[in-house]
Amino acid sequence: MTRVPRGYIARRRRTKMRSFASNFRGAHLRLNRMITQQVKRAFVSSHRDRGRQKRDFRRLWITRINAATRIYKVFDSYSKIIHNLYKKKLILNRKMLAQVAVSNPNNLYTISNKIKIIN
C-alpha cells in the first residue's frame, strides 16, 4: 500500500493554536495537546473575566463616589446622591461621577447644588 501524504488542514489548525499560545511557558508552549488544553482554558477565563471586570469597575466607582460624598460632606451617602440624580433626571453615569469626585471635588459641589432636593 502506498503512503498517502497528509494534508495541511491539521497542521494549519495546530499552527493557529500555537499562535494563541505564544506567551505560555514550558510544555504549554511546546506540546500540541497541552497547547490545546491551555488555550481553551485561557479563552474560558478571558470570557469570564470580561464580565467580572465590568462588575469590579462599577464597584470601584461606587466606592469612590461614596467616599467623596462623605469626605466633602456633599451628601450623607452614595445612595442619596444617586437617588437625587434620578429624581432631577440628570444623566451622569457612575464612571463620570467618580472621575469628577476624584479629580475635582469643586465640580462635585456644583453637581450637588443642582440636585439638592429639600424634603
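Student: Let's start with a lysine. Where is Lys 73?
Tutor: Lys 73 sits in the loop between H3 and H4. Keep in mind that this is a predicted model.

Student: Okay. Is Lys 73 buried or exposed?
Tutor: Lys 73 is exposed, with a relative accessible area of 69%.

Student: And what is its phi?
Tutor: Phi of Lys 73 is near 55 degrees. That is a positive value in a residue other than glycine.

Student: Which loop holds Lys 89?
Tutor: Lys 89 lies in the loop between H4 and H5. Its phi is near 55 degrees, again positive and again not a glycine. Lys 89 counts as exposed, at 70% relative accessibility.

Student: Let me zoom out. How many helices and strands does the chain have?
Tutor: Six helices and zero strands. Along the sequence the pattern reads α-α-α-α-α-α.

Student: What about the overall dimensions?
Tutor: The C-alpha atoms fill a box of roughly 95 × 30 × 20 Å along the principal axes. The radius of gyration is 26 Å, while a compact globule of 119 residues would have one near 14 Å.

Student: What share of the residues is buried?
Tutor: Buried residues make up 22% of the 119. The accessible surface comes to about 9,900 Å². Carbon and sulfur atoms account for 54% of that surface.

Student: Now the helices. Which residues of H5 are buried?
Tutor: H5 covers residues 94–103, and its buried residues are Arg 94, Leu 97, Ala 98, Val 100 and Ala 101.

Student: Why do they line one face of the helix?
Tutor: Look down the axis of H5. The buried residues fall within an arc of 160 degrees, so they line one face.

Student: And what is exposed on the other side of H5?
Tutor: Val 102 and Ser 103 are exposed there.

Student: What covers the buried residues of H5?
Tutor: The cover includes helix H3 (32–71), helix H4 (78–87) and helix H6 (105–115).

Student: Which elements give two or more residues to the largest nonpolar core?
Tutor: First, the core itself. It has 15 residues, and Ile 65, Ile 81, Ile 82, Leu 97 and Leu 108 touch the most other members. The elements giving two or more residues are H3, H4, H5 and H6. As a general point, nonpolar side chains tend to be buried together in soluble globular proteins.

Student: What does Leu 108 touch?
Tutor: Leaving out residues up to four places away in sequence, Leu 108 touches Ala 68, Val 74, Val 100 and Ala 101. Val 100 and Ala 101 are on the list of buried H5 residues too.

Student: New topic. How many salt bridges are there?
Tutor: A search of the whole structure finds two. Arg 48 forms one with Asp 49, with the closest N and O atoms 3.1 Å apart. The side chains of Lys 80 and Asp 76 form a salt bridge as well, also at 3.1 Å, N to O.

Student: Why can such side chains pair at all?
Tutor: Side chains of opposite charge can pair when their charged atoms come close.

Student: How exposed are Arg 48 and Asp 49?
Tutor: Arg 48 is partly exposed, at 42% relative accessible area. Asp 49 is partly exposed too, at 32%.

Student: And Lys 80 and Asp 76?
Tutor: Lys 80 is partly exposed, with 40%. Asp 76 is exposed, with 54%. The cut-off for exposed is over 50%.

Key: Residues numbered from 1 in each chain as written. Predicted model: local features only at pLDDT ≥ 70, side-chain atom pairs only at ≥ 80, totals over all residues. Heavy atoms only, no water. Buried < 20%, exposed > 50% of the residue type's maximum accessible area, 1.4 Å probe, protein only. Helix = DSSP H or I, 4+ residues; strand = E, 2+ residues; numbered from the N terminus. Arc of directions from axis to C-beta. Contact = heavy atoms within 4.5 Å. Rg over C-alpha atoms; globule rule 2.2 N^0.38 Å. Areas by Shrake-Rupley, 256 points an atom, 1.4 Å probe, with all protein chains shown as cover. Core = buried A, V, L, I, M, F, W, Y, C linked by side-chain atoms within 4.5 Å. Salt bridge = Lys/Arg side-chain N within 4 Å of Asp/Glu carboxyl O.
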